[in-house]
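Let us take a friendly walk through a protein model, one stop at a time. Please have the sequence and the 3D view ready.

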Amino acid sequence: MTQPWPTTIEEATAVQNELRGRVRLEDDFSQPKTIAGVDCSYDLDRDLSRAVIVLMDYETLELLASVQAFAPTVFPYVPGFLSFRETPVILEALGCLPQTPDLLMVDGQGVAHPRRLGIAAHLGVLTGLPAVGVAKSLLCGRYDEPGAQPGDTAPLTHKGEHIGTVLRSKEKCKPLFISPGHRVSHERAVELTRHCLRRYRLPEPTRVADLMSKWKPAKEKITGTYALF
């Protein structure tokens with residue numbers, strides 16, 4: 001993407017329309033050994049965006065490392081344009097991981113997006129890494145409610161196009177909205193998410209990243225990038 005980052009909705013829309021053509025929805029990666037969970041939160045008092053990334057062993061989901069980064073929030077909150085608010089600080093955090101992950105699992109949309117470029121797709125294209133979006137709520141599209149049992153699914157469609165899968169990850173919980181971001185098929189995106197589910201509604205990579213993103217940092221650590229432990 002051409003720098004600097006867009007600052008208006010018109011500029012951001014043009015970037016999304018450009019980058020959407022680079023998204024690949026076929027499986028183009030080997031069996032992953034590591035997976036990175038990605039989530040963001042905000043320090044509204046200081047007008048900062050905060051990215052947390054956890055690196056896990058893919059098979060065991062053992063936590064290998066975690067980092068976080070802070071940066072000024074430079075884009076307004078507008079549904080459908082979240083990636084322009086969060087991707088810059090996520091890229092800073094990614095650069096501080098001890099190794100490049102084999103796969104990104106992002107708290108947010110992949111191609112289940114009006115212009116098919118949610119944050120997981122945006123990150124996937126910019127980094128070249130396989131990416132999956134795991135969203136807690138619907139951004140666009142229509143679906144029939146999946147069955148009540150964990151693992152039940154229903155297709156998510158938008159304007160006649162299959163854009164994702166609605167997955168019941170836990171009994172008596174709202175479903176998740178799974179969509180590929182880049183270099184991953186729809187079927188494999190669901191398979192990867194199921195593999196990472198344990199006792200909770202969210203898969204472990206984004207669940208742990210979400211928990212860590214809520215920790216209040218020490219005041220002296222409010223800017224820059226650093227390891228959580």
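Begin at A189, a residue of helix α4. Helices here are DSSP runs of H or I with at least four residues, strands are runs of E with at least two, and both are numbered from the N terminus. A189 is buried, because its relative accessible area is 1%; buried means under 20%, exposed over 50%, and partly exposed in between, using a 1.4 Å probe and protein chains only. Although A189 and D27 are 162 residues apart along the chain, their C-alpha atoms are separated by 9.3 Å.

Before going further, keep in mind that this is a predicted model, in which local features need pLDDT of at least 70 and side-chain atom pairs count only at pLDDT 80 or more, while totals for chains, interfaces and linings use all residues. Residues are numbered from 1 along each chain as its sequence is written, and side-chain values use heavy atoms, with hydrogens and water left out.

Stay on helix α4, which covers residues 186-195 and also holds E191. With a relative accessible area of 45%, E191 is partly exposed. Its C-alpha atom is 10.0 Å from that of G151, a residue 40 positions away along the chain.

Now look at the loop between β8 (176-182) and α4, where you will find R183. Its phi is positive, about 60 degrees, although R183 is not a glycine. Why does that deserve a second look? Because most residues other than glycine have a negative phi. R183 is buried, at 18% relative accessible area. K159 also has a positive phi, near 55 degrees, and is not a glycine either. You can find K159 in the loop between β6 (153-158) and β7 (161-167). K159 counts as exposed, since its relative accessibility is 77%.

Next, turn to a pair of helices. α2 and α3 (residues 119-127) pack with their axes 10 Å apart and at an angle of about 45 degrees. The axes are lines fitted to C-alpha atoms, for helices over the stretch in contact, and the angles run from 0 to 180 degrees between N-to-C directions. The two helices are therefore oblique to each other; angles under 35 degrees would be roughly parallel, over 145 roughly antiparallel, and 65 to 115 roughly perpendicular, with the rest called oblique.

L91 sits in helix α2 and counts as partly exposed, at 30% relative accessibility. L91 and L123 are 32 residues apart in sequence, yet 8.2 Å apart in space, C-alpha to C-alpha. Strand β4 (residues 104-107) contains V106, which is buried with a relative accessible area of 1%.
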